[in-house]
Structure formats: C-alpha cells, structure tokens
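Please read them with the sequence and the structure open side by side.

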Amino acid sequence: MNNQKIISKEKERLVKSGLLAETDELLTKNVWRKRGSKVNKDETPITKLIIHIYAPHNVYDEDGKCIKVCKTIPVKANFYKTSQVSPIRKGGRLYD
C-alpha cells in the first residue's frame, strides 16, 4: 500500500470519528513547513502513521555479502490538521 492510500484511509477514519472535518488537510510537520505554515507550539499530533520514505540501502547477511537492496524504509510520522498550524511570519510579515 502506498503512502497516499495509508493517509486517505486514516483521514476517512478520522472524519467518521468526528476528529477531522472533510475540508481539513492531514499533513506532516515538514509538509506544512514547505507550504509556508508551522505547527503551533505544544500541539500534539492528531495521528501517527507508518509511512515509507525513499532511502536506498543494502541488506547484508552474516558473511557480509549483500543479499538485497531495499529502496524504502518504514518511518513513524506525526500528522497535524489545518487548525493546528499557523502561517510562518518573518519580521512581522507573512513569509512567502
């Protein structure tokens, strides 16, 4: 299962449980930062999911021989909703 499917299933579950509105976005702290927002201080993640990130690496056996090459690794990521972030301000102005 790819990351988009994992996130969309979790979003559906959160909408059904009432923790998330249909219009809310569910993103990681880094994605919010790239979009020009920051997670507010002392916010706890709405959910934690295991997603896969691209990080090619070799897997070795006991003799030191490479047995396979893995391209992704599973990582636990924290996700925040729209109401938990605010625009990044720099010098009193919005940062673009």
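1. Asp42 sits in the loop that runs between strand S2 (37-39) and strand S3, in what is a predicted model. Asp42 counts as exposed because its relative accessible area is 71%, and the cut-off for that word is over 50%. For comparison, most residues other than glycine have a negative phi.

2. Is Thr28 buried or exposed? Thr28 belongs to strand S1, which covers residues 26-28, and Thr28 is buried because its relative accessible area is 16%, where buried means under 20%. If residues up to four places away in sequence are not counted, Thr28 touches Ala77, Asn78 and Phe79.

3. Leaving aside neighbours within four places in sequence, Phe79 is in contact with Ile7, Leu26, Leu27, Thr28, Pro45, Ile46, Thr47, Leu49, Ile51 and Gln84. Phe79 also belongs to the largest nonpolar core, which has 8 residues and whose other members are Ile6, Leu14, Leu20, Leu26, Leu49, Ile51 and Ala77. The elements that contribute two or more residues to this core are helix H1 (3-17), strand S3 (47-60) and strand S4 (66-81). Apart from this core lies another one, of 5 residues, including Leu27, Trp32, Val39 and Tyr80.

4. Among contacts between residues at least 6 apart in sequence, 59% join residues at least 24 apart.

5. The overall dimensions should be read with care. A compact globule of 96 residues would have a radius of gyration near 12 Å, whereas the protein chain has 18 Å. Along the principal axes, the C-alpha atoms fill a box of roughly 55 × 40 × 20 Å. Buried residues make up 24% of the 96 residues.

6. Finally, consider the surface and the charges. The accessible surface of the protein chain comes to about 7500 Å², and 50% of that surface belongs to carbon and sulfur atoms. The protein chain carries 20 positive and 11 negative side chains, and the centres of these two sets lie 5 Å apart.

Key
Residues are numbered from 1 along each chain as its sequence is written. This is a predicted model: local features need pLDDT of at least 70, side-chain atom pairs count only at pLDDT 80 or more; totals for chains, interfaces and linings use all residues. Side-chain values use heavy atoms; hydrogens and water are left out. The radius of gyration is taken over C-alpha atoms; the globule rule is 2.2 Å times the number of residues to the power 0.38. Buried means under 20% relative accessible area, exposed over 50%, partly exposed in between (1.4 Å probe, protein chains only). Contact means heavy atoms within 4.5 Å. Accessible areas come from the Shrake-Rupley method with a 1.4 Å probe; for residues, only the protein chains shown count as cover. Lys and Arg count as positive and Asp and Glu as negative; His and the chain ends are not counted. The place of a charge is taken as NZ of Lys, CZ of Arg, CG of Asp or CD of Glu. A nonpolar core is a set of buried Ala, Val, Leu, Ile, Met, Phe, Trp, Tyr and Cys residues joined through side-chain atoms within 4.5 Å. Helices (H or I, at least four residues) and strands (E, at least two) are DSSP runs, numbered from the N terminus.
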